[in-house]
Amino acid sequence: MSDTPTKVVVDCSTGITEVLPLTEAEIADMETAQVAAEAERVEREAKVAADATAKSALLKKLGITQEEARLLLS
Amino acid sequence: MATYTLISSNVLSSSAASVTFSAIPATYTDLVLRYAARSTLNSTDTYVTFNGSSATNYSATFVGANTTTAASSRETSATYANNIWTMNRSTTTASTFSSAELYIPSYTVSQNKPFSGTGVIENNSATTGFNLAATAMLWRVTSAITSITITPETGSFVADSSFYLYGISNA
């Protein structure tokens, strides 16, 4: 069985730091957020990879290098 | 004379699912939160909320780049402000941490709260990647900010992640 996740609260008025266990509701929220975040991350990274592939294909089609393309746009 | 004052800080002695700075004094003009973080899981973003609110009043517009490619995104009516690419993921080189910052101007003024985030994820590797990002964020609430919570996109912050809250005064 894993340990209960904790949260850290720093009270700026006293300087006291508390380490508190997450409630069951907070743990459930955390798990839901993790599923959504993982999907979002995968989607974003897939887009970055797809854009890079498309850019590379376009440069190849045009018969120019990335440096030459940058020069054209400068 | 303008001043830049450390309000509070915390270096985690063990992993934590979130870090909150509460009871922030209203005596400064702007706030700066600087942090060096790493996730226990494969995630790179940190979520920002104010005053414990998770209402859909946050938005974020992001531009960034990794080793080869630029990226951008826009999130509106979110339950947090997503400070993208501001945390080393578990798959980056061991013991590497991001460097990130939030700048929150006029945090006590009765108006919506535009603020900025920047971050670098450096992998300490000659061959594989880094990420660099800047994010414009907005909290559409006019209340003064009295607490800030930073949460990893997934997982927890690992031990030794560090957080420093500063107050800037223009008087």
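**Close-up 1. Phe50(B) and Tyr58(B) in the predicted model are both buried.** Four residues, Phe50(B), Tyr58(B), Phe115(B) and Trp139(B), make up one aromatic cluster. Across the structure, nine aromatic pairs are found over all chains.

**Close-up 2. Tyr47(B) and Tyr80(B) form a stacked aromatic pair.** Their rings lie 3.7 Å apart centre to centre, with 10 degrees between the planes. This pair links distant parts of the chain, the two residues being 33 residues apart. Tyr47(B) belongs to strand 4 (residues 46-50) of chain B, whereas Tyr80(B) lies in the loop between strand 6 (70-78) and strand 7 (81-83) of chain B. Both Tyr47(B) and Tyr80(B) are buried. Another aromatic pair, formed by Phe50(B) and Tyr58(B), is tilted, with 6.5 Å centre to centre and 35 degrees between the planes.

**Close-up 3. Leu102(B) is located in strand 8 (residues 99-104) of chain B.** Leu102(B) has a relative accessible area of 0% and is therefore buried. Leaving aside residues up to four places away in sequence, Leu102(B) touches several residues, including Leu31(B), Val32(B), Leu33(B), Tyr35(B), Val48(B), Met137(B) and Ile150(B). Phe115(B) is also among the residues touched by Leu102(B), and Phe115(B) is part of the aromatic cluster with Trp139(B). The C-alpha atoms of Leu102(B) and Asn88(B), 14 residues apart along the chain, are separated by 16 Å.

**Close-up 4. Strand 1 and strand 2 of chain A form a hairpin.** Strand 1 (residues 6-11) and strand 2 (residues 17-21) of chain A pair in the antiparallel sense over five bridges. Val10(A) stands opposite Thr17(A), which is in strand 2 of chain A. Five residues lie between the two strands, and Gly15(A) in the turn has a positive phi of about 80 degrees.

Key. Residues are numbered from 1 along each chain as its sequence is written. Chains are lettered from A and ligands numbered from 1 in the order in which they are written. This is a predicted model: local features need pLDDT of at least 70, side-chain atom pairs count only at pLDDT 80 or more; totals for chains, interfaces and linings use all residues. Side-chain values use heavy atoms; hydrogens and water are left out. Two strands pair if DSSP finds at least two bridges between them. Helices (H or I, at least four residues) and strands (E, at least two) are DSSP runs, numbered from the N terminus. Buried means under 20% relative accessible area, exposed over 50%, partly exposed in between (1.4 Å probe, protein chains only). Contact means heavy atoms within 4.5 Å. Rings of Phe, Tyr and Trp (its six-membered ring) pair if their centres lie within 6.5 Å; planes under 30 degrees apart count as stacked, over 60 as edge-to-face and the rest as tilted.
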